[in-house]
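Please look at the sequence and the 3D structure together before reading on.

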Amino acid sequence: MLAREVLQELVQVLGRENVLTEQEDLLTYAYDATAAMKHHKPDVVVSPLSTEQVSEIVKIAIRHNVPIYPRGSGTNLSGGTIPTEGGIVLSMLNLNKILEVDQDNLTATVQPGVIIQALNDEAGKHGLIYPPDPGTVTTATMGGSVSECSGGLRGLKYGVTKHYIMGLKVVLANGDVIRWGGKTVKNVTGYDLVALFTGAEGTLGIITEIIVKLIPAPEARKSILAVFDNLDKAGKAIAAIIRNKVIPATLEIMDNDTIQTVEHFVHAGLPLDAEAVLLCEVDGYKEVVAREAVLVERILKEEGAVQVNIAKDDKERDLLWLARRSALPALAQKRPTTVLEDATVPRSKIPDMLKAIRKIAEKYNLQIATFGHAGDGNLHPTILTDERDLEEMKRVHLAVDEIFQVAISLGGTLSGEHGIGMAKMKYLDMEFGEAGVTALRRIKEALDPNYVLNPGKIVRRD
């Protein structure tokens, strides 16, 4: 329980309407989108309206040694916003203004509560786009996306969130307000602290303003559906496309379990008997898109696709991508618990990773549906289970352990876009070793020595 004095100070800064203490309100913030994760209620939820208020909240927390958990929409999948030690949940949803779209410098300046799709809608009015495109683009906030360094469907050609963050305004763990970076294309002044805070999951500072890079919207695009009767062939086709010097905007894969579930969910016309499908989109100038679409179609057929269809119009294209974006919500309806993982390997190793996931599913007698951003090596093996079945959950945890072991052995990483949060802390040694984890902890303690900001995420106290 928070001391009455802390609540009084928060109300004084924010007003009573922006300080929530009712149990039903607190329960709403006890979890995020991560499955099979223990819930933890905060003691209070606050909604600041300015950077200055965020700074005052941090100073209150420091004085009383109360932990703070920054939070956007809570769509993350690593337990990154769960208040593990109670304390203050800092909801950033009221800081939701698009402050500027600067066409001359191809930038936008936004507050952290802005929904990603809202930014793209505004940028689109000027013929521009913000390329990072996570599956939750219509609900995820910019602050959460930057903090988790989310990826998305366009990562292959355009990169992920960190490639588009040019400047940040941040409240540090002592309440100081700092601004790093800006609109300049070149900036090598001092350490790259913009990069450090991108993906830091709110453990080093609280982001209150973001400058992002925008790019001109592509002139044309074509979407292609390729059907395979063999999962290995689909995996090899991915590498073949890249090897032929075509870099699609998007190159996605769905296995048979995912196909069947998604088709019954959205009725997009996916072939129920396919072992796998690839969804590919090429974009750019009209002439280039036409040429690349023909080339991709030829490569897919040479690599064993039994059927290749190019979407005839935007309606057909949109239906295909609705099917892909529906993978997680569709699968989530099959069993009470959906454990979505984030195994990422060099794209040349996708066939090996797909085989390994299939063997792991058989070994532990689990249903694992696999989909993901295969073009950039980022797969989402999704275990359909029931967390009330304790024996099955033991097998789930063993399977997850093995998935990450295989990913690391193939030269991969623990996370391509979901972050570390609570869910993957125990695996950090596997990728970085003891010395690497110690280095992470030293960075945390240099900027937040009292572990006030989002404790229990990425690294633990010694």
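This is a predicted model: local features need pLDDT of at least 70, side-chain atom pairs count only at pLDDT 80 or more; totals for chains, interfaces and linings use all residues.

Residues are numbered from 1 along each chain as its sequence is written, and side-chain values use heavy atoms, with hydrogens and water left out.

Along the principal axes, its C-alpha atoms fill a box of roughly 70 × 60 × 40 Å. A compact globule of 462 residues would have a radius of gyration near 23 Å, and the 22 Å of the protein chain agrees with this. That radius is taken over C-alpha atoms, and the globule rule is 2.2 Å times the number of residues to the power 0.38.

Of the 462 residues, 57% count as buried, meaning under 20% relative accessible area with a 1.4 Å probe and protein chains only. The protein chain exposes about 19800 Å², of which carbon and sulfur atoms supply 50%; the areas come from the Shrake-Rupley method with a 1.4 Å probe. Among contacts (heavy atoms within 4.5 Å) between residues at least 6 apart in sequence, 72% join residues at least 24 apart.

Now to the sheet. Five strands form an open, antiparallel sheet in the order β5-β6-β10-β8-β9. Its edge strands, β5 (98-102) and β9 (177-181), each pair on one side only. On average, neighbouring strands of this sheet are turned by 10 degrees against each other, direction ignored. Two strands pair if DSSP finds at least two bridges between them; β6 (residues 107-110) and β10 (residues 206-213) have 4 bridges, in the antiparallel sense. In this pairing, Thr-107 stands opposite Lys-213 in β10.

Helix α4 (residues 116-124) packs on the sheet, touching β5, β6 and β10, and its direction makes about 40 degrees with that of β5. Helix α3 (residues 51-64) lies across β8 (165-171), β9 and β10, running at about 50 degrees to β8. Such angles run from 0 to 180 degrees between N-to-C directions, with axes fitted to C-alpha atoms, for helices over the stretch in contact.

How many disulfides does a search of the whole structure find? The search finds 0, a disulfide being a pair of cysteine sulfur atoms within 2.5 Å. Cys-149 counts as buried because its relative accessibility is 12%, and Cys-280 counts as buried at 1%.

Definitions and conventions:
Helices (H or I, at least four residues) and strands (E, at least two) are DSSP runs, numbered from the N terminus. Buried means under 20% relative accessible area, exposed over 50%, partly exposed in between (1.4 Å probe, protein chains only).
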